[in-house]
Amino acid sequence: MSPLLIWGYWRSVLARACHPRFSAGYCGASGRQGCAQEPPVGACELRGELDRFGGVSVRLARLGALDRLDPAAFLKGLQAAIQQWRSEGRIAVWLHVPILQSRFIAPAASLGFCFHHAESDSSTLTLWLGEGPSRLPGYATHQVGVAGAVFDENTRKILVVQDRNKLKNMWKFPGGLSEPGEDIGDTAVREVFEETGIKSEFRSLLSIRQQHTNPGAFGKSDMYIVCRLKPYSFTINFCQHECLRCEWMDLNDLVKAENTTPITSRVARLLLYGYREGFDKIDLTMEELPAVYTGLVYKLYHKELPENYKTMPGMD
Ligand SMILES: NC(=O)C1=CN([C@@H]2O[C@H](COP(=O)(O)OP(=O)(O)OC[C@H]3O[C@@H](n4cnc5c(N)ncnc54)[C@H](O)[C@@H]3O)[C@@H](O)[C@H]2O)C=CC1
Ligand SMILES: [Mg+2]
């Protein structure tokens with residue numbers, strides 16, 4: 001296909017996207033106009049989608065002939081489409097760009113698009129078309145780190161490490177960054193095992209620290225959560241890449257230690273309190289509950305609620 005023909009093809013795709021039919025239905029929607037009613041074949045996968053807030057989502061991966069379209073032609077097409085979307089009262093455009101078609105990012109940016117977020121194989125740009133400042137939600141704002149305070153009640157020992165590659169050698173709890181879709185407790189158990197070789201199980205959540213403009217979080221905010229874990233193996237086999245030292249330390253010694261971080265020292269005191277007065281004083285325990293609308297489940301963490309309070313209909 002000549003560049004002109006390709007452009008003609010793509011323009012017709014955009015025209016289809018801009019056509020009132022576009023605003024009346026969208027691919028995959030259980031609405032008035034399903035894909036089956038939309039000639040020609042393939043048109044529905046080439047169209048943008050209208051979201052429930054009045055924004056338009058355009059997925060370049062679905063526009064096949066785009067492989068051979070040059071950025072200047074894309075710029076013109078996008079300009080015309082934006083004009084159309086404005087006239088239709090659309091509030092925003094979401095442009096999803098596969099990494100191999102990143103040459104379209106600069107033309108989009110020249111029309112006012114900004115990065116919203118990127119995944120490993122694509123980026124998403126947005127353009128606000130509505131009144132006033134953008135009301136589009138931002139992307140992820142925090143990195144989540146989780147540490148495991150592995151405490152052995154029988155010996156009163158707590159598992160601590162010193163990180164390699166740190167300027168100061170401070171005792172701290174083993175831990176690391178949560179992976180996408182990973183439960184907090186699972187992160188703690190996994191990181192403890194990877195860094196120390198100790199097997200453990202989740203007991204409770206003890207503390208949450210929130211810190212902004214964290215250098216370790218690429219300047220974003222950091223949420224650092226410490227969990228109480230119960231060990232069921234005791235032989236240390238620590239990771240030489242990540243840790244310099246690892247040991248079972250008497251909890252009292254950690255409370256008194258000077259070469260430790262403030263958060264470790266505070267959580268050590270919390271554990272000592274729980275050990276002496278009962279862990280129910282310090283534990284936020286976890287329960288899995290069903291999400292009302294999505295059919296998914298979630299984990300809820302809070303102080304233990306007595307059984308009769310869980311089921312009681314109300315209070316006078
Ligand atoms: N107060 C405390 O006791 C401390 C809390 N934290 C918190 O722990 C969480 C992160 O835990 P980590 O143990 O750091 O994560 P992690 O256990 O997932 O380890 C990160 C790994 O990535 C490596 N790494 C980091 N940046 C790198 C780079 N630019 N190039 C190559 N390798 C790199 C590190 O050497 C380490 O091996 C965060 O939430 C942080 O705020 C971290 C240190 C101390
Ligand atoms: Mg770590």
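The C-alpha centres of domain 1 and domain 2 lie 44 Å apart. The domain assignment places domain 1 at residues 49-128 and domain 2 at residues 142-281 of the protein chain, with bounds taken from an automatic or database domain assignment. The model is predicted: local features need pLDDT of at least 70, side-chain atom pairs count only at pLDDT 80 or more, and totals for chains, interfaces and linings use all residues. Residues are numbered from 1 along each chain as its sequence is written, chains are lettered from A and ligands numbered from 1 in the order in which they are written, and side-chain values use heavy atoms, with hydrogens and water left out.

An unreviewed UniProt entry lists residues 141-273 as "domain: Nudix hydrolase"; UniProt positions are given in the numbering used here, feature names are shortened, and annotations may be inferred rather than shown by experiment. This span is 23% helix and 41% strand, and its end C-alpha atoms lie 33 Å apart. Helices (H or I, at least four residues) and strands (E, at least two) are DSSP runs, numbered from the N terminus.

The magnesium ion (ligand 2) is coordinated by Gly175 (O) and Glu195 (OE), at 2.2 Å. Gly175 belongs to strand E9 (residues 175-177) and Glu195 to helix H6 (residues 184-196), so that the pair links parts of the chain 20 residues apart. Donors are N, O and S atoms within 2.8 Å of the metal (3.2 Å for Na, K and Ca); water is not among the atoms, so sites may look incomplete. Both Gly175 and Glu195 are buried, where buried means under 20% relative accessible area, exposed over 50%, and partly exposed in between (1.4 Å probe, protein chains only).

A search of the whole structure finds 18 salt bridges, each defined as a side-chain nitrogen of Lys or Arg within 4 Å of a carboxyl oxygen of Asp or Glu. Side chains of opposite charge can pair when their charged atoms come close. One salt bridge joins the side chains of Glu194 and Arg190 (3.3 Å, N to O). These residues are 4 apart in helix H6 and therefore separated by about one helical turn. Glu194 is partly exposed, with a relative accessible area of 40%, whereas Arg190 is buried at 17%. Both belong to a network of salt bridges that links Glu179, Glu182, Arg190, Glu191 and Glu194.

Lys310 forms a salt bridge with Glu287, the closest N and O atoms being 3.7 Å apart. Lys310 lies in helix H9 and Glu287 in strand E13 (residues 285-290), 23 residues apart. Lys310 is partly exposed at 34% relative accessible area, as is Glu287 at 33%. In a further salt bridge, between Glu288 and Lys299, the closest N and O atoms are 3.1 Å apart. Because Glu288 is in strand E13 and Lys299 in strand E14, this pair ties together parts that are 11 residues apart in sequence. Glu288 is partly exposed at 45%, and Lys299 is partly exposed at 25%.

Leu305 is found in the loop between strand E14 (297-302) and helix H9 (307-311) and is partly exposed, at 33% relative accessibility. Glu88 is found in the loop between helix H4 (71-87) and strand E3 (92-98). Glu88 is partly exposed, with a relative accessible area of 21%. Glu88 and Gly54 are 34 residues apart in sequence and 9.8 Å apart in space, C-alpha to C-alpha.
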